Amino acid sequence: MDRVGSLPDELLSHILSFLTTKEAALTSLLSKRWRYLIAFVPNLAFDDIVFLHPEEGKPERDEIRQSFMAFVDRVLALQAESPIKKFSLKCRTGVDSDRVDGWISNVLNRGVSELDLLIILGMTMEDSYRLSPKGFASKTLVKLEIGCGIDISWMAGSIFLPMLKTLVLDSVWFYVDKFETLLHALPALEKLVLVDVNWLDSDVTISNASLKTLTIDSDGHLGTFSFDTPSLVYFCYSDYAAEDYPVVKMENLREARIFLLVTDDEIERVRLPINDGLEDAMDNVVLRFGHVGKLMNGIRNVEYLELSADTIEVLSLCCESMPVFKNLKSLAIKSTEGRGWQAMPVLLRNCPHLEFLLIEGLLHHVTDKCGDACDCVPREDKGRSLTSCPVKMLEIHGFRGTKKEMQMIKHFLDYFPSLKEMDIYADEDGPTNLEAPGMFEKITQLFTLYDEFYTCDVQFMVRGSLYKKLTAQCCVFKEENLPHRLVRTLG
């Protein structure tokens with residue numbers, strides 16, 4: 001019995017919507033009943049890379065391009081005026097722009113709610129596809145994604161998308177005034193994603209009263225950035241430090257991830273004494289990094305904060321302006337051997353209600369400014385910033401089994417007064433001392449002693465594949481001899 005074939009047409013069309021449009025079209029060969037089901041599929045996804053996939057006997061590129069355009073024409077003609085929910089169009093081979101206009105107009109007239117476009121006509125900005133103004137006058141569009149190769153720099157004040165909640169801009173060119181015009185035309189916008197946007201002006205302002213989540217992922221904007229987003233609750237920012245942050249209004253922010261980018265030359269400059277090299281062109285780096293304090297002050301109400309290793313280094317120039325994070329409950333820190341912890345002491349002291357701390361990688365660049373957050377440099381006020389931090393749970397990821405890491409773990413156990421649980425996760429991707437003969441047993445036994453001596457519950461986590469490899473090297477040190485709460489296998 002054909003159980004699938006006995007399903008109603010509406011359900012079969014819904015099932016087909018989870019396939020690519022080319023795969024859904026191939027089902028028309030199954031039987032007469034399946035021949036026209038694609039006419040009612042609410043989600044369409046056209047990608048010319050499917051047609052360009054290298055196979056034996058594939059025709060020439062231009063013929064493939066014509067075949068792709070004809071396929072889109074046939075599917076849209078077959079669907080006529082049936083309702084459509086999602087339409088994705090990805091063209092990388094220089095398709096006919098007039099036909100693209102027709103396809104987009106077709107789905108907009110049919111009330112499409114999600115539109116995803118990537119259209120590459122050539123290799124220069126002059127070859128960009130100019131998206132029709134009709135694409136910005138829809139009353140049904142809820143999600144709009146505009147990718148590489150599309151020109152929207154022409155925008156005028158007549159655009160209006162009253163229902164749009166999600167906007168994704170990827171590798172597009174923008175004048176700041178046109179961008180501001182766009183945001184004002186989106187009264188219901190809740191999510192904005194900006195990926196490698198090429199700003200044609202130096203000073204960018206993101207202003208929207210309804211925006212709730214904002215993601216910026218770029219590697220080239222060195223002008224100023226201002227944020228007037230009072231309803232924002234989530235902020236993810238990855239870019240080089242801007243020249244300045246004149247306005248940062250994020251009063252309701254709850255979660256922030258700050259992943260600043262820096263070069264080795266910039267790091268070398270900021271580590272110089274403050275009065276050295278003032279005539280040097282790199283002195284602008286010191287000013288830029290110092291202005292990051294304004295960004296941190298704007299996100300001071302967060303409950304969850306994640307900072308990259310580069311960001312921690314940049315914050316070394318913001319220690320005096322570091323705000324108090326009075327609502328912060330969870331803090332995640334990424335650390336690498338080439339980046340310092342100069343900002344860690346003030347950061348920990350300025351989190352009076354911190355409960356959870358995650359540190360990915362304990363090893364870091366040692367300087368005389370590490371303070372008392374680590375055990376790198378002997379100090380009279382050793383542990384002062386830790387003793388004022390109320391953190392209850394500490395997770396350490398990327399543990400390699402080095403002597404330095406063990407010293408830091410003991411340092412944390414000695415000076416975090418409220419610590420109740422410490423989970424240490426072994427690094428299974430990079431080089432590790434744990435594979436040295438006898439090292440796994442020695443470290444595990446030492447953690448056992450820590451667990452017994454301190455009031456904090458110490459647990460050593462080793463993932464399944466690494467755990468099997470380590471225990472296979474041991475003759476006497478068997479799994480049943482390990483405290484169950486001390487060593488757990490994961491995965």
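Predicted model: local features only at pLDDT ≥ 70, side-chain atom pairs only at ≥ 80, totals over all residues.
Two strands count as paired here if DSSP finds at least two bridges between them.

Strand β13 covers residues 224-228 and runs parallel to β15, with 2 bridges joining the two. Across that pairing, D228 sits opposite K249 in β15. Zooming out, β13 and β15 belong to an open sheet of 3 strands, ordered β11-β13-β15 with parallel pairing. The edges are taken by β11 (203-207) and β15 (248-249); each has a single partner strand, so one side of each has no neighbour in the sheet. As for what holds such an arrangement together, strands of a sheet pair through backbone hydrogen bonds, either parallel or antiparallel.

**The rings**

How many aromatic pairs does the model have? The count comes to 20. Here are two of them, with their geometry:

| Pair | Centre to centre | Angle between planes | Type |
|---|---|---|---|
| F227 and F235 | 5.3 Å | 65° | edge-to-face |
| Y237 and Y245 | 6.2 Å | 85° | edge-to-face |

The planes of Y237 and Y245 are at 85°, which is over the 60 degrees cut-off, so this pair goes down as edge-to-face.

Are these residues buried or exposed? F227 and F235 are both buried. Y237 has a relative accessible area of 0%, so Y237 is buried, and Y245 is buried too, at 1%.

Elsewhere, ring pairs tie a set of residues into a cluster: F399, F440, F447, Y450, F453, Y454 and F460.

Notes:
Residues numbered from 1 in each chain as written. Heavy atoms only, no water. Phe/Tyr/Trp six-rings, centres within 6.5 Å; stacked < 30°, edge-to-face > 60°. Buried < 20%, exposed > 50% of the residue type's maximum accessible area, 1.4 Å probe, protein only. Helix = DSSP H or I, 4+ residues; strand = E, 2+ residues; numbered from the N terminus.
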